[in-house]
Amino acid sequence: MFGTMSTLALYDDFSTEEAKSRAESVGADVSASIYNYENAFSTTIESSDIYRFNAADPGETVRVQSFTYELLQTAVSMYNETEGYYNPGIYYSVDLYGFAPREFDGGKRPYDRESLYELPAQKYIDAFRTLSESFGDIRLYKDETGCYVVKPESCVTVEGDDTVYSLAIDLSGIAKGYVADKIDDYIDRVGYENGYFSFGSSSMAINGSAGSSDGLWTLTFRDPRGNSSDDCYMSVRVRDVALSTSGDYENYYEVDGKRYCHIINPFTGSPIETGILTVTCLGGTAAEADARTTAISAMGLDRAIEYINSDSVKTKNLKIAFVYLNSAGEKLVVTNMEEGEYELAGEHYKLASETDENGDVVFTGEK
């Protein structure tokens with residue numbers, strides 16, 4: 001669901017038929033929950049809250065389900081915390097580059113190209129970038145009758161195209177984490193202490209490990225330029241934590257040797273060109289981690305380090321690591337984790353950061 005695979009792993013004594021039946025019932029409940037969330041958050045299911053918002057007229061008020069309202073609250077909060085680097089209002093920019101599932105306005109669009117190997121027109125890039133800025137004007141409210149979201153009045157037009165484009169949002173960059181949080185809460189309530197829930201291997205909620213003496217899992221961070229999904233650049237030992245990973249290696253294409261990935265920089269309207277290949281965030285909620293890793297990918301080296309050193313990260317004790325590809329082609333690891341909290345893997349990556357006396361991350365490599 002949500003265009004990817006999810007895995008729920010429960011570890012317990014399943015020696016009785018009753019225990020097996022209970023676990024199967026939990027699995028069925030989880031599948032039903034994911035289905036309900038997808039039906040609310042999808043950009044392609046016509047009855048979904050997000051589809052209806054995207055299809056609404058500028059200024060229209062759309063009634064949404066309580067969990068969609070909660071997810072939108074989180075999205076707005078993360079938009080503000082990251083100063084717009086996480087921005088769900090980039091739906092049209094994502095679609096322009098061929099990374100969005102289709103349906104919400106049906107069929108072919110004026111900006112479609114015959115091939116992904118033909119890049120979009122700059123006039124559309126600029127227009128949709130401007131349109132995404134109106135996400136900051138979205139308004140949420142609820143009363144005794146329900147939960148509501150008010151669509152901004154902003155619209156854009158493009159020369160030679162009669163379409164009037166209003167704000168459309170895509171919550172795929174945060175929805176999987178939100179669902180992981182909800183599934184984890186449910187698993188805690190029904191009493192399973194060991195296991196994990198993984199959504200596409202990018203958003204995870206991890207509990208205890210029944211297979212280790214200390215109850216910790218060994219978690220590896222994927223090598224963004226590795227030859228297989230088993231290649232990693234870092235490992236950590238964790239339990240009872242939510243996390244997310246974003247990177248330019250899962251969903252991309254190349255044109256004239258240049259990589260164009262699904263992560264859009266809201267301030268350019270185009271795929272990221274920051275040198276940051278992958279980001280992992282541990283701590284907080286999985287939904288927040290989803291937004292943070294997406295935002296850091298778009299920030300670039302200096303702004304990313306500034307963000308990692310911010311109170312937003314420090315006060316929540318978030319652990320963040322990212323890989324930066326410098327101008328010399330070196331793959332450099334930057335992290336706020338202390339020595340002993342992680343282990344680098346492979347000879348192709350080297351640490352390029354340290355923590356100063358104020359607890360701030362300092363870049364020690366070459367740009």
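1. An open sheet of 3 strands runs in the order β9-β10-β19, with antiparallel pairing. Strands here are DSSP E runs of at least two residues, helices are H or I runs of at least four, and both are numbered from the N terminus. Two strands pair if DSSP finds at least two bridges between them. The edge strands are β9 and β19 (342–344), and each pairs on one side only. Neighbouring strands of this sheet are turned by 20° against each other on average, direction ignored. For that angle, axes are lines fitted to C-alpha atoms (for helices, over the stretch in contact), and angles run from 0 to 180 degrees between N-to-C directions.

2. A note on the basis. This is a predicted model: local features need pLDDT of at least 70, side-chain atom pairs count only at pLDDT 80 or more, and totals for chains, interfaces and linings use all residues. Residues are numbered from 1 along each chain as its sequence is written, and side-chain values use heavy atoms, with hydrogens and water left out.

3. Within the sheet, β10 and β19 run antiparallel and are joined by 3 bridges. S235 has its bridge partner in β19, namely E343. In a regular strand the side chains alternate between the two faces of the sheet.

4. Another antiparallel pair is β3 (residues 139–143) with β4 (residues 146–150), joined by 5 bridges. A hairpin connects β3 to β4 through 2 residues. D143 has G146 as its bridge partner in β4.

5. Now the whole chain. The protein chain has 9 helices and 22 strands. Its radius of gyration is 21 Å, close to the 21 Å that the globule rule gives for 367 residues, so the chain is as compact as a globular protein of that length. The radius is taken over C-alpha atoms, and the rule is 2.2 Å times the number of residues to the power 0.38. The C-alpha trace spans about 65 × 55 × 40 Å along its principal axes.

6. Buried residues make up 52% of the 367 residues in the protein chain. Buried means under 20% relative accessible area, exposed over 50%, and partly exposed in between (1.4 Å probe, protein chains only). Among contacts (heavy atoms within 4.5 Å) between residues at least 6 apart in sequence, 63% join residues at least 24 apart.

7. The structure holds 17 salt bridges. The criterion is a side-chain nitrogen of Lys or Arg within 4 Å of a carboxyl oxygen of Asp or Glu. R222 forms one with E250, the closest N and O atoms being 2.7 Å apart. R222 lies in strand β9 (residues 217–222) and E250 in the loop between β11 (241–247) and β12 (252–255), so the pair ties together parts that are 28 residues apart in sequence. R222 is partly exposed at 26% relative accessibility. E250 is exposed at 54%.

8. The loop between β11 and β12 also carries D248. The side chains of D248 and R225 meet in a salt bridge (2.8 Å, N to O). This pair links distant parts of the chain: R225 sits in the loop between β9 and β10 (232–238), 23 residues apart from D248. D248 counts as buried at 7% relative accessibility, whereas R225 is partly exposed at 30%.

9. D302 and K367 also meet through their side chains in a salt bridge (2.9 Å, N to O). D302 is in helix α8 (residues 301–308) and K367 in the segment after β22 (361–363), 65 residues apart. D302 is partly exposed, with a relative accessible area of 48%. K367 is partly exposed too, at 49%. Elsewhere, salt bridges that share partners join E81, E288 and R292 into one network.

10. D184 is placed in helix α6 (residues 172–190). D184 is buried yet has no salt bridge, and the nearest side chain of opposite charge, R189, is 9.6 Å away. For charge, Lys and Arg count as positive and Asp and Glu as negative, while His and the chain ends are not counted. Leaving aside neighbours within four places in sequence, D184 is in contact with A205 and N207.

11. S297 belongs to helix α7 (residues 286–299). Its relative accessible area is 1%, so S297 counts as buried. Not counting residues up to four places away in sequence, S297 touches S246, I263, I272, T274, I276 and V279.
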